[in-house]
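Subject: Structure for your files, with notes

Hello,

Please find the structure below. My notes on it follow, grouped by topic.

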Amino acid sequence: MDKHELLRVAKSHYSQQQLEVLERAIDYATEMHEGQLRKSGAPYITHPLHVAALLIEWGMDIDTIVAGVLHDTIEDTPAALDHIEHLFSRDVAFLVDGVTKVSQARAGMRDLESYLPQTRDNLTKLLIAVGQDIRVIIIKLADRLHNMQTLQYKSPPKQKKIARETIEVFAPLADRLNMGRVRVQLEELSFQYLSPKEFANTKTLMASRLKKSKRKLERVRREVEDHLNQEKIPHEIDGRVKSVYSLYKKMKRVPNIDDIYDLMALRIVVDDVSTCYLVLGELHSMYEPMVDRIKDYIAQPKPNGYQSLHTTVIAHSGQPVEFQVRTHEMHDYAERGLAASFHYNEQKLSDAYKKGTIAQLPADLHWIADLQHAASLIKEGKEFNEEDLKVDLFGDRIFVYSPKGDIYDLPAGAFPLDYAYRVHSDVAARASGFMVNGKMEPFNYQLKHGDVIEVLTNKHAKPNQDWQQHIMTGHARMKLRAQLRKGGILGRLTNAAAIIQRKTAERRAKKRQKK
Ligand code: MN
């Protein structure tokens, strides 16, 4: 990758003016990295240029591409941040600074045993610090992907260390952003370095199994294609093969590969949502569905925003075949995730970030808003619960619904009170019970994906200390603490008033006695 190749890749996506800025960035970074080499022996500049090329491939806006070119200049060269701000812009400087901080959090921890937990903590803190702009994380993912793609030049211990960090921290982050393609790339590369034998074995097993089923699957594909054409339903159909790493993970639960139905799935992409359901109906009229395997991720998206209809049917050969049905937009979002929101020179989302309004984020990515909220709290030196944020970033999330159908995004393991505080802290404060899916449930009920929750209130109910055991989100904890504190002070004030009243009464009584 050199200057001209990168400019050629960029050419069709950005304006002439933007391309000139990009060219200046390339020249500046080339000059700064002059004389530095990668472990492979290639000039160092090839790395940031590759990173920028990945970011273009992901469809990022020009500021992100420029920051990708400059991302290693602060750490590894004499370049200074204010100089970058002067030469380019405040936004570019902010992004480069964020990426540099994340890199520095990793430095200085050399001992592998303590490395990961510490890295995870430090990364979390830093992600919070840079949380005001999620593009920092996207640049970091591109940086990590290129480093993984060139990992063969590092020493074996370093390979393992970097691969482990990648699979435990960066791949889940990519998943959280619904950047499915990047997640799979990071996992496959990490798995190869972490468990080369298992990787090879799983790959061989998969190849032999695919060979057996490919012809049958091809027949099913043709049957479906003909049928949908007959019904005049415009569509695209292709096969997707499971990644080696996800097969390996699945085989820990399902040891016999013949029992795994989604090794290869057929994917049907159509124009709109109603056609998705239409196609599902057609599939079920052609083949017998395995009823318990029908999944509607369109009505109930996965917590990272993934949407599709999944169904497994029994083909005429007796072989189970999985289908995934989705629209073009859903497909794009499943592959590129949040990166799909920053469309090339369309600066909408970037501008929203600058203004500090994140209203334009997809509704299912509210954890990013949480992250930004926490970042602003820290800046103001206010209280927030860091533990909760770790859950937000690395844990699973669930979607629950209000009786009106509003969607709320909560960490897995959340309680009804967490939901109530999310709805409104005044509602939570008067909670006397919860109806979950039309049934009364206790305060210690753990919410499940898809639950519909109604908060029952009573004007005499009030928050109490025990509630602390039945909440898990930092938001609810913070609100509850504030309410308890307020209640405490009011309680004490009431108490003091009572004492004064009693003393006054006693004094008066004494006076009367004297008389
Ligand atoms: Mn780098």
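A residue counts as buried under 20% relative accessible area, as exposed over 50%, and as partly exposed in between. At 22% relative accessibility, Arg 293 is therefore partly exposed. Please keep in mind that this is a predicted model.

Salt bridges

The structure contains 18 salt bridges. One of them joins the side chains of Glu 322 and Arg 293, with an N to O distance of 3.7 Å. Glu 322 belongs to strand β6 (residues 320-327) and Arg 293 to the loop between β3 (288-289) and β4 (295-296), so this pair ties together parts 29 residues apart in sequence.

Another salt bridge connects the side chains of Glu 23 and Lys 3, at 3.2 Å from N to O. Here Glu 23 sits in helix α2 (residues 16-32) and Lys 3 in helix α1 (residues 3-11), so the pair ties together parts that are 20 residues apart in sequence. Glu 23 is partly exposed, with 32% relative accessibility.

The side chains of Arg 221 and Glu 218 meet in a salt bridge of 3.2 Å, N to O. Arg 221 and Glu 218 are three residues apart in helix α12, which means that about one helical turn separates them. Glu 218 is partly exposed, with a relative accessible area of 32%. Both residues also take part in a network of salt bridges that links Glu 218, Arg 221, Arg 222 and Glu 225.

Charged patches

Lys 212, Arg 215, Lys 216 and Arg 219 form a positive surface patch. Of these, Arg 219 is found in helix α12, and with 45% relative accessibility Arg 219 counts as partly exposed.

There is a negative surface patch as well, made up of Glu 236, Asp 238, Asp 271, Asp 272 and Glu 329. Asp 271 is located in the loop between β2 (264-270) and α14 (273-286). The relative accessible area of Asp 271 is 46%, so this residue is partly exposed.

Strands β9, β10 and β11

Strand β9 pairs with two other strands that I looked at, β11 and β10. With β11 (residues 453-457) the pairing is antiparallel and runs over five bridges; in it, Ala 431 has Thr 457 as its bridge partner. With β10 the pairing is also antiparallel, over three bridges, and Met 435 stands opposite Met 440 of β10.

β9 and β10 form a hairpin with two residues between them.

Backbone angles

Most residues other than glycine have a negative phi. Which residues depart from that here? Two are noted below, and Asn 437 is one of them, with a positive phi near 50 degrees. Asn 437 is partly exposed at 49% relative accessibility.

Lys 232 is not a glycine either, and has a positive phi of about 60 degrees. Lys 232 is placed in the loop between α12 (196-230) and β1 (236-241). With a relative accessible area of 73%, Lys 232 is exposed.

Met 478 and Tyr 421 are 57 residues apart in sequence, and their C-alpha atoms are 9.8 Å apart in space. Met 478 is part of helix α21 (residues 474-514). At 21% relative accessibility, Met 478 counts as partly exposed; the cut-off for buried is under 20%.

Regards

How values were computed:
Residues are numbered from 1 along each chain as its sequence is written. This is a predicted model: local features need pLDDT of at least 70, side-chain atom pairs count only at pLDDT 80 or more; totals for chains, interfaces and linings use all residues. Side-chain values use heavy atoms; hydrogens and water are left out. Helices (H or I, at least four residues) and strands (E, at least two) are DSSP runs, numbered from the N terminus. Buried means under 20% relative accessible area, exposed over 50%, partly exposed in between (1.4 Å probe, protein chains only). Two strands pair if DSSP finds at least two bridges between them. Patches are made of residues with over 30% relative accessible area and no salt bridge: like charges are joined within 9 Å, nonpolar side chains (Val, Leu, Ile, Met, Phe, Trp, Tyr) within 5 Å. Accessible areas come from the Shrake-Rupley method with a 1.4 Å probe; for residues, only the protein chains shown count as cover. A salt bridge is a side-chain nitrogen of Lys or Arg within 4 Å of a carboxyl oxygen of Asp or Glu. Lys and Arg count as positive and Asp and Glu as negative; His and the chain ends are not counted. The place of a charge is taken as NZ of Lys, CZ of Arg, CG of Asp or CD of Glu.
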